[in-house]
Amino acid sequence: MRTVVRSVRQLRQALQRQKCVMISSRAEAPCYLRKAHHSAAYRVVNHAETKLLGYNTCPTSRALSVDAIKLTDGVAEVNRGGPLVEYERRIAAGELVDGDTCQLVTLRELQRLYDELVESVDACQLDRNSEKHVRSGWLWSRLLFQPSYAPVRGLYLYGGVGTGKTMLMDLFFDQLPANWRKKRIHFHDFMLNVHSRLQRHKGVSDPLDVVAEEISEDAILLCLDEFMVTDVADALILNRLFRHLFSKGIILVATSNRAPDNLYEGGLQRDLFLPFIATLKERCVVHEIGSSTDYRKLTSGEEGFYLIGQDLSGFLRQRFQQLIGEQKAASQEVEVVMGRRLHVPLGANGCAYFTFEELCDKPLGAADYFGLFKSFHTLALEGIPIFGLQNKSAAHRFVTLIDVIYENRARLLCTAEGSPQELFERIVTISEAKQIAPRTSSRSRKNDVSDLCVDNELGFAKDRTISRLTEINSREYLEHHAAMLAEKQLTQGGVVQQHALQA
């Protein structure tokens, strides 16, 4: 029966492909991109003088599915959708300035995936409201033991920091139909959710299979931002987890700073992780965003509250007091995951105050930080040190903290011993350490070595953290934060008013 159904679907897709309308258009003139607003708003200015191979002479062809065409008075009218179409619309509307050739190439990859998904909605079971969406459930799938891989490969985007990976994936995700079974989530948050589900299914013969079934019931298209593996516990379960997910039809779209072959590089028991890399490359098209520009550093400059120097806690507390207004700050506790609670030394009016030791020198992790920003939108952090060998664990937590702040678009006020670049000067990768020229005397060379922290994962992540710290303090980021906060307060006010009327 399954063979018959599969044959019918393939025949229908073949017929649809014959009906597709092919539209050829000259590719956009190459342009350079700079961020104008943090909320993925860009302005694009074409540079007609620029000559780049493949962009002035090569037409671009795109196949549009029949669903994107409607007839008006006998004339075919094309209703195209997708990330590249939205990007072009913003260009035409004057919302985008200075396009980036590398980002345009990536947008074409995302548009290709979008078109394939639109064409294969039924085969991929993407429509949440479709009557054809009948999942067999975990027990039935265990009995049949027959994998059901998606007919569409996913997409793995990787590139340097600040190249627009998150913005591009969000642009893709925002254009997907509302009734599709989709989910966009940060990789840290995704893995926390997986571990939480595993706790609930203790005692099951294969809990990862159950977790994969639950995830696939909720979403077939899974968009993971900032895919990175640093934890050995995550590394050991990823292969089996995604083997189950892919066999249940999951389509993965992911962004990362690292190529698949460089994931979990130098990690413990990496040989057990290598099969996942092979599976990832099999089920996803791998695409590098080759731009060397960090757009986070092209913002309007530092306008946040990042104080450098000693004994500045008084200024930080003064600013914290201004933000909480007439409310009185007091110690609080917030719930994180699996019954755990995080102690907040001072908190009021959505603002929390911590010293660096209280938040990064304790055995805390992504789960605690995500829990914190579910209750607070602003963090005042006192006393960020220069990182080195003596506080390597704290540096790892700080990197995670900044990732969570950025993901939640929260606001950071802090005091630090140096600029974002200076904080990580002593953190180097193995290859960077080998390139450091030895000193003439053994004593000075010993001092050099004692000052350095050679850590591949931390050395690789520091560029992302420096970039994000720069953007978090930019005017554009703070304006976006203020707009989000105002929208949230307006929504909450409307809910309160509605409840009052019902009462």
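I started with contacts (heavy atoms within 4.5 Å). Of those with a separation of 6 or more, 81% are between residues 24 or more positions apart.

Before going on, I noted that this is a predicted model: local features need pLDDT of at least 70, side-chain atom pairs count only at pLDDT 80 or more, and totals for chains, interfaces and linings use all residues. Numbering runs from 1 along each chain as its sequence is written, and side-chain values use heavy atoms, with hydrogens and water left out.

Next I looked up secondary structure, taken as DSSP runs numbered from the N terminus (helices H or I, at least four residues; strands E, at least two). The protein has 19 helices and 19 strands.

Then burial: buried means under 20% relative accessible area, with a 1.4 Å probe and protein chains only. I found that 50% of the 503 residues count as buried. Accessible surface, by Shrake-Rupley with a 1.4 Å probe, is about 24700 Å², and carbon and sulfur atoms hold 52% of that.

On to helix α3, residues 101–119. Of the 19 residues in α3, 14 are buried.

Last, I picked Leu110, which sits in α3. Leu110 counts as buried because its relative accessibility is 0%. What does Leu110 contact, leaving aside neighbours within four places in sequence? I get Pro83, Leu155, Leu157, Leu168 and Phe172. Phe172 is 62 residues from Leu110 in sequence, yet their C-alpha atoms are 6.6 Å apart.

Conventions. Expected span 1.5 Å × (residues − 1).
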